Amino acid sequence: MSSTEKRLLKEYRAVQKELAEKRSSIRDTGIVDLHPLEDGLFRWSAVIKGPDQSPFENALWRLEIDIPTNYPLDPPQIKFVVFGEEKIRQMQRKTGSGTRKVCYKMPHPNVNFKTGEICLDILQQKWSPAWTLQSALVAIVVLLANPEPLSPLNIDMANLLKCDDMTAYRDLVHYYIAKYSAYESNDV
Amino acid sequence: MADQMDIDLPAPAPQQAKKKRFEVKKWTAVAFWTWDQNNETCAICRNHLMEPCIDCGNNPNFGANSRTATHTKCPRAVGVCNHSFHLHCIDTWIQKRNSCPLDNSDWSIKDILKD
């Protein structure tokens, strides 16, 4: 077992322990779920909740996490799971067996609308091995409430903020949440 | 009759004062200690700093011949920012970026502690 896997195993145990607690601090930070996928420790899946008092409040998003082989020296690659309109329609029709309703679009100035890619300095040049998957996810939740319109991946959303049009910004986010959420199927 | 009644006379005061009110029969001192460092866990591998790093700790040959020929133990490095890490861990990180993982300041070693 490589030292990367050993460290990931440590993180896994810590996260599972916290998630199992009824009243845990990990949930208060907006992390609903975080677990490795079945094929080992290098691909993880997470669910986060939009922070209170932000347009994203109470809605859920799924993220996929790819771990580089020399983690934690290199940052994990984290992006939002986004689907095309067609696929989301299909999922909505199926009324999946899952109980969690997740939004599959992320309209945010620092998230690529098509790919779900996130622009966040600590996931790139400001990364430090002292961060964990858990703390990186907390940073993403915080980013939702604190967008940075000066380094945008989604220029339209950034422009709304630059024009200080909070009403349009909030309504657009609510529109996407209402239109592109679906109950997830159990195969994720 | 009155002079035969039992009257509790006040005890002679000077003699009482000489007797100690308390006497220490046993005294047990208790002390706690921590290292004079800001962190006790290596933020890079998440092992305790008193334990070897994640690589050495799981190496069955550790102690006999660990990663470096000169060290049979896993020394700790303390930076000028007073954050400490396993020397093995911080060595691999500063090849990426010469900064303290905990406060992002420029990393330079203040001390290397071998146990």
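In the predicted model, chain A has a radius of gyration of 17 Å, which agrees with the value near 16 Å that a compact globule of 188 residues would have. The C-alpha trace of chain A spans about 50 × 40 × 30 Å along its principal axes. Of the 188 residues in this chain, 35% count as buried. Among the contacts in chain A with a separation of 6 or more, 62% come from residues 24 or more positions apart.

The secondary structure of chain A consists of six helices and six strands. Along the sequence these are arranged as α-α-β-β-β-β-α-β-α-α-α-β.

Chain B contains three helices and three strands, and its elements follow the order α-α-β-β-α-β from the N terminus. Of its 115 residues, 24% count as buried. Residues 24 or more positions apart supply 48% of the contacts in chain B with a separation of 6 or more. The average pLDDT of chain B is 78, and 68% of the residues score at least 70. Where pLDDT is low, the predicted coordinates should not be read in detail.

At the interface, nine residues of chain A are in contact with 13 residues of chain B. On the chain B side, the elements that give two or more residues are α2 (54-57) and α3 (87-94). The chain B residues that touch chain A comprise seven nonpolar, three polar and three charged. For the complex, the predictor gives an ipTM of 0.73 and a pTM of 0.80.

Key
Residues are numbered from 1 along each chain as its sequence is written. Chains are lettered from A and ligands numbered from 1 in the order in which they are written. This is a predicted model: local features need pLDDT of at least 70, side-chain atom pairs count only at pLDDT 80 or more; totals for chains, interfaces and linings use all residues. Two residues are in contact if their C-beta atoms, placed from the backbone, lie within 7 Å. Helices (H or I, at least four residues) and strands (E, at least two) are DSSP runs, numbered from the N terminus. Ala, Val, Leu, Ile, Met, Phe, Trp, Tyr, Cys and Pro count as nonpolar, Asp, Glu, Lys and Arg as charged, and the others, Gly among them, as polar. pLDDT is the predictor's confidence in each residue, from 0 to 100. A residue is buried if 20 or more other C-beta atoms lie within 10 Å of its own, exposed if 12 or fewer, and partly exposed in between; C-beta atoms are placed from the backbone. The radius of gyration is taken over C-alpha atoms; the globule rule is 2.2 Å times the number of residues to the power 0.38.
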